Amino acid sequence: MFYSVQGQENQKLNIPTKQDTLNGSITQERIWWDIQHYALSIKPDYVNKTITGKNVIEYTVIDKKHSDLMQIDLVSPLKIDSVFQKEKKVDFTQNQNIWYLKLPKNQASKKNKITIYYSGKPTESIKPPWDGGLVWAKDSLNRPWISVACQYKGASLWYPCKNTMYDEPDHGASIAVTTPDTLIAISNGRLKNKIKNHDGTQTYQWEVKNPISHYGISFYIGKYINISQLYQGKKGKLTMDYWVLDYNKTKAEKHMIPEVNTTMKSLERWFGAFPFYDDGFKMADAPYIGMEHQSAIAYGGGYKRGTNKKGGDISNTGWGKKTDKIIVHEMAHEWFGNNMTAADIADRWIQEGFAGLAEELVIADISGTQAGNEFMAGRFRTIENDKPIIARYGINEDGSQDNYVKGWAILHMIKSIVDNDSKYREVLQGLNRDFYHKIVTTKQIENYISLNTAIDFQYLFDQYLRTNLVPVLEYQIKDNQLLYRYSNCNDNFAMPIKTNLTKDIWIYPTTTWKSMDVKKLLPDDTLKIDINFYITTRKT
């Protein structure tokens with residue numbers, strides 16, 4: 001799945017290196033070919049923390065006048081050992097983490113195939129999933145427990161690929177994992193075969209039918225057991241598989257499965273049918289807090305309700321203890337992140353903002369709309385406003401961590417302004433329907449929401465995505481007149497808000513002073529803003 005990313009004026013941040021540009025942009029050595037399928041085979045070595053493997057890449061030529069070089073990404077100290085096409089050896093060169101394969105120019109536009117053999121010691125993740133790499137862990141019984149998480153830096157940390165988000169394999173991937181026969185290997189999609197080898201190992205062959213991002217491919221190795229159920233969902237019967245460490249079986253039955261069922265019901269209600277019925281739903285115990293690996297969600301939430309592993313509530317409202325945040329957040333990514341994937345990691349707010357919104361919507365379904373609103377408002381204080389949410393395109397640069405909560409706040413404010421849950425739900429479902437299994441940009445999301453709500457929200461997106469300024473509502477009260485305007489914001493900012501003037505009254509501030517008759521409607525002459533809006537106030 002190939003998508004062309006439009007450029008953006010770079011922010012004044014760190015100067016990107018040549019490797020950043022090669023990794024994050026659509027280079028001449030990438031643009032001419034479109035991924036169709038990955039067939040990945042790996043054999044991790046737990047003792048030596050190494051990996052050997054191969055990736056068979058099917059692709060089509062989309063530019064007949066293409067470069068004779070194909071860019072493949074693989075992070076050192078991993079190395080490509082050899083490359084073959086039609087049983088002929090292919091020459092290649094290395095530029096740090098970028099590899100160039102010398103391929104014939106006269107390839108047809110039909111499917112082509114290359115086989116890349118590789119090996120070495122992959123980057124180890126020290127603080128998974130935040131830093132990215134292989135996770136060589138032990139479970140609580142001191143047994144090997146292996147996984148990977150690589151959203152930020154990309155899958156080239158552990159296998160050779162096209163390490164960009166704008167191009168996904170149209171026809172999915174197969175993942176074969178070889179492990180000692182005392183352990184079980186889990187990956188994306190459905191288990192197609194299990195082969196017992198002659199050297200005391202077993203190979204587990206998994207298959208994904210749908211397009212999948214490079215970082216969405218993952219694996220887990222450990223002392224797993226399987227709990228399998230059927231869920232009656234919007235598109236019929238959905239297989240629900242839970243791969244948990246053997247000693248977590250009871251916890252999974254009492255906590256994970258009921259939480260998943262409740263969450264699935266709510267998310268299908270708001271977002272539409274689960275996007276991967278043919279690949280099934282799967283959640284696996286992971287040696288880190290969580291990750292949205294497509295059809296193989298990583299769970300490390302501690303089997304507790306709350307917004308962290310200890311069962312706390314970061315919102316300080318109490319509502320965060322009504323759900324298991326990790327289950328809700330990571331499941332929501334199946335719609336926003338996996339079904340719809342941002343074309344560039346600079347737009348990661350699309351994935352994280354909507355997943356945050358899901359946390360609110362599930363709480364609202366359980367405890368009422370006001371509970372969801374209060375939960376969101378309780379999270380406002382965690383927004384840092386250190387820099388704009390959207391980073392620079394084309395250099396694989398992540399934006400502010402505010403893409404989680406502030407991205408969610410944007411969507412929450414839009415929901416509040418639309419003020420019609422049915423209409424808002426239609427927009428959310430429409431996004432997943434119209435961008436089904438597609439790559440998207442921020443601009444597409446902005447345009448879609450404005451068009452389908454019949455409200456131009458450009459002012460709101462520009463303010464909260466592209467600046468780190470929090471609008472201030474300045475006001476003064478004089479002779480029973482309320483004077484008000486926005487400051488500390490873009491010139492075009494003009495968000496309607498609810499206030500305490502009377503019950504549920506809206507005002508429509510701009511950056512120009514406005515006035516209205518309030519007489520004695522303001523207790524103590526203090527203007528209060530409805531909790532659903534992320535702005536500050538200042539009496540002048």
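Visitor: Which relative accessible areas count as buried, exposed or partly exposed?

Guide: A residue is buried under 20% relative accessible area, exposed over 50% and partly exposed in between, with a 1.4 Å probe and protein chains only. Lysine 49, at a relative accessible area of 28%, is therefore partly exposed. This is a predicted model, in which local features need pLDDT of at least 70 and side-chain atom pairs count only at pLDDT 80 or more, while totals for chains, interfaces and linings use all residues. Residues are numbered from 1 along each chain as its sequence is written, and side-chain values use heavy atoms, with hydrogens and water left out.

Visitor: Where is lysine 49 found, and what is its phi?

Guide: Most residues other than glycine have a negative phi, and most peptide bonds are trans. Lysine 49 has a positive phi, near 55 degrees, and is found in the loop between strand E1 (33-45) and strand E2 (50-61); helices (H or I, at least four residues) and strands (E, at least two) are DSSP runs numbered from the N terminus. Alanine 454 also has a positive phi, near 60 degrees, and lies in the loop between H9 and H10. With 66% relative accessibility, alanine 454 counts as exposed.

Visitor: How do I read the largest nonpolar core, and which members touch the most others?

Guide: A nonpolar core is a set of buried Ala, Val, Leu, Ile, Met, Phe, Trp, Tyr and Cys residues joined through side-chain atoms within 4.5 Å. Here the largest such core has 157 residues, among which Trp158, Phe281 and Met495 touch the most other members. Contact means heavy atoms within 4.5 Å, and, leaving aside neighbours within four places in sequence, tryptophan 158 is in contact with residues including Leu40, Ile51, Tyr118, Val148 and Phe219.

Visitor: At what angle do helices H5 and H8 cross?

Guide: Axes are lines fitted to C-alpha atoms, for helices over the stretch in contact, and angles run from 0 to 180 degrees between N-to-C directions. The axes of H5 (residues 349-367) and H8 (residues 421-434) come within 14 Å and cross at roughly 140 degrees.

Visitor: Which residues of H5 and H8 meet?

Guide: Phe354, Leu357 and Leu361 in H5 meet Tyr424, Leu428 and Leu431 in H8. The residues of this contact divide into six nonpolar, no polar and no charged, where Ala, Val, Leu, Ile, Met, Phe, Trp, Tyr, Cys and Pro count as nonpolar, Asp, Glu, Lys and Arg as charged, and the others, Gly among them, as polar.

Visitor: Is helix H10 mostly covered or exposed?

Guide: Helix H10 (residues 458-466) is mostly covered, with eight of its nine residues buried, including Tyr459, Phe461 and Asp462. Its buried residues pack against H5, helix H7 (405-418) and helix H9 (442-453).

Visitor: Where is glycine 337?

Guide: Glycine 337 is in the loop between helix H4 (325-332) and strand E21 (340-342), and counts as buried at 0% relative accessibility. Its C-alpha atom is separated by 4.7 Å from that of glutamine 351, 14 residues apart along the chain.
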